[in-house]
Amino acid sequence: RPPASMWARTQAAQVMQANKVNLMQIDMMQLSVLQTRMDNITMQSTLTMGFALAMFGGETLLPLVEDEGVVCIYKTWYHRMFAVVFFFTVVVTLSLSLLVV
């Protein structure tokens, strides 16, 4: 029969090995959660980018440059300021979305 100290060392080694396996499983679950979060953030960023690109579409830009339009950007200085803020917001949104994706 092996000595008690050898049996205790063997049991301690088995417990340490089981702990390492458990920690690895926990790390894998945490990694899975982080991957799911990253997928969600990427999806939201892609959708936001699509909405920002839609603002450069013809249906949105046409009223801004029509001479007879209510919000024509060439009428007054505050209409021009609105256009600058509008385009700056769209460009910043696109830039930040591209940074995330």
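View 1. Ser97 is buried, with a relative accessible area of 5%; buried denotes under 20% relative accessible area, computed with a 1.4 Å probe and protein chains only. The model is predicted: local features need pLDDT of at least 70, side-chain atom pairs count only at pLDDT 80 or more, and totals for chains, interfaces and linings use all residues. Residues are numbered from 1 along each chain as its sequence is written, and side-chain values use heavy atoms, without hydrogens and water. The Ser97 side chain reaches the backbone oxygen of Thr93 at 2.9 Å. Apart from neighbours within four places in sequence, Ser97 is in contact (heavy atoms within 4.5 Å) with Ser45, Thr48 and Met49.

**View 2. The largest nonpolar core.** Eight residues make up this core: Met49, Ala52, Leu64, Ile73, Ala83, Phe86, Val90 and Leu94. A nonpolar core is a set of buried Ala, Val, Leu, Ile, Met, Phe, Trp, Tyr and Cys residues joined through side-chain atoms within 4.5 Å. Helices α1 (4-54) and α3 (77-100) are the elements that give two or more residues, with the largest share, four residues, coming from α3; helices are DSSP runs (H or I, at least four residues) numbered from the N terminus.

**View 3. Contacts of Leu94.** When residues up to four places away in sequence are not counted, Leu94 touches Met49, Ala52, Leu53 and Phe56. Leu94 is also one of the residues of the largest nonpolar core.

Terms used:
Buried means under 20% relative accessible area, exposed over 50%, partly exposed in between (1.4 Å probe, protein chains only). A polar contact is a pair of N or O atoms within 3.5 Å; within protein, one must be able to donate a hydrogen and the other to accept it, and residues adjacent in sequence count only if both atoms are side-chain atoms.
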